[in-house]
Amino acid sequence: MGLFDLLRSGKRPKSGPRKDLPPEVQRVVEILKKIQDPETGVNIVDEGLVYGLTVEGDRVDVFLLMARSTPECHACQMLAINVQNKILNEILQSLKEEGFNKIKVYNELGLLLAEG
């Protein structure tokens, strides 16, 4: 079924994490659901910020969709940076507390944002 067929059918893609995730990935998803975006109060999984995970033993790679604010607004940029840093720090701290020792967090371009 192509994209146009899907649109014509009226079916909507399911949102949220897939139900058939391996147990180790599902465990990380549940950990990340405890982290809230300080601007919206919604957890980062349900908000759609997490778009990929790789879990191998005690190593986790998290891929985030970090939208940029209005480039002309310098105050907005500083707020966005502060929010991003808070989310990144909470991801590293939460995963370390759960026993993961090698954590890397990337943005949508594949650039490393944080590691711990």
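**View 1. Glu24, a partly exposed spot on helix H2**. Glu24 has a relative accessible area of 38%, so it counts as partly exposed. That label is for values between two cut-offs: under 20% is buried and over 50% is exposed, using a 1.4 Å probe and protein chains only. The areas themselves come from the Shrake-Rupley method with a 1.4 Å probe, and for residues only the protein chains shown count as cover. Keep in mind that this is a predicted model, where local features need pLDDT of at least 70 and side-chain atom pairs count only at pLDDT 80 or more, while totals for chains, interfaces and linings use all residues. Residues are numbered from 1 along each chain as its sequence is written, and side-chain values use heavy atoms, with hydrogens and water left out. Glu24 belongs to helix H2. From C-alpha to C-alpha, Glu24 and Thr54 are 9.4 Å apart in space, though 30 residues apart in sequence.

**View 2. The buried side of H2**. Which residues of H2 are buried? They are Val25, Val28, Val29, Ile31 and Leu32. These five cover an arc of only 160° around the axis, so they lie on the same side of H2; the arc is taken from the directions that run from the helix axis to the C-beta atoms. Here's the background: an α-helix has 3.6 residues a turn, so residues three or four places apart point the same way.

**View 3. Leu32 and the largest nonpolar core**. A nonpolar core here is a set of buried Ala, Val, Leu, Ile, Met, Phe, Trp, Tyr and Cys residues joined through side-chain atoms within 4.5 Å. The largest one has 25 residues, and Leu32, Ile91 and Leu95 have the most contacts inside it. At least two residues of this core come from each of helix H2 (23-32), strand E1 (50-56), strand E2 (59-64), helix H3 (74-97) and strand E3 (102-106). H3 gives the most, with six residues. What does Leu32 touch, leaving aside its neighbours within four places in sequence? Leu32 is in contact with Ile44, Val45, Val50, Leu53, Val62 and Ile91, where contact means heavy atoms within 4.5 Å.

**View 4. The four-stranded sheet, with H2 packed on it**. The open sheet runs in the order E1-E2-E3-E4, with mixed pairing. Its edge strands are E1 and strand E4 (112-115), each pairing on one side only; two strands pair if DSSP finds at least two bridges between them. From one strand to the next, the twist averages 15°. H2 packs on the sheet and touches E1 and E2, with its direction making about 130° with that of E1. Axes are lines fitted to C-alpha atoms, for helices over the stretch in contact, and angles run from 0 to 180 degrees between N-to-C directions.

**View 5. E1 and E2 up close**. These two strands run antiparallel and are joined by six bridges. Leu53 stands opposite Val62 in E2, Gly52 stands opposite Phe63, and Val55 has Val60 as its bridge partner. E1 and E2 form a hairpin with two residues between them, and Gly57 in the turn has a positive phi of about 65°. On the other hand, E2 and E3 run parallel, joined by five bridges, and Val62 stands opposite Val105 in E3.

**View 6. Leu111, in the loop between E3 and E4**. Leu111 has a relative accessible area of 49%, so it is partly exposed. Leaving aside neighbours within four places in sequence, Leu111 is in contact with Val105 and Tyr106. Leu111 and Phe63 are 48 residues apart in sequence, yet 9.4 Å apart in space from C-alpha to C-alpha.

**View 7. Stepping back to the whole protein**. There are three helices and four strands, which run α-α-β-β-α-β-β from the N terminus on. Helices (H or I, at least four residues) and strands (E, at least two) are DSSP runs numbered from the N terminus. Of the 116 residues, 28% are buried. The accessible surface comes to about 7,900 Å², and 54% of that belongs to carbon and sulfur atoms.
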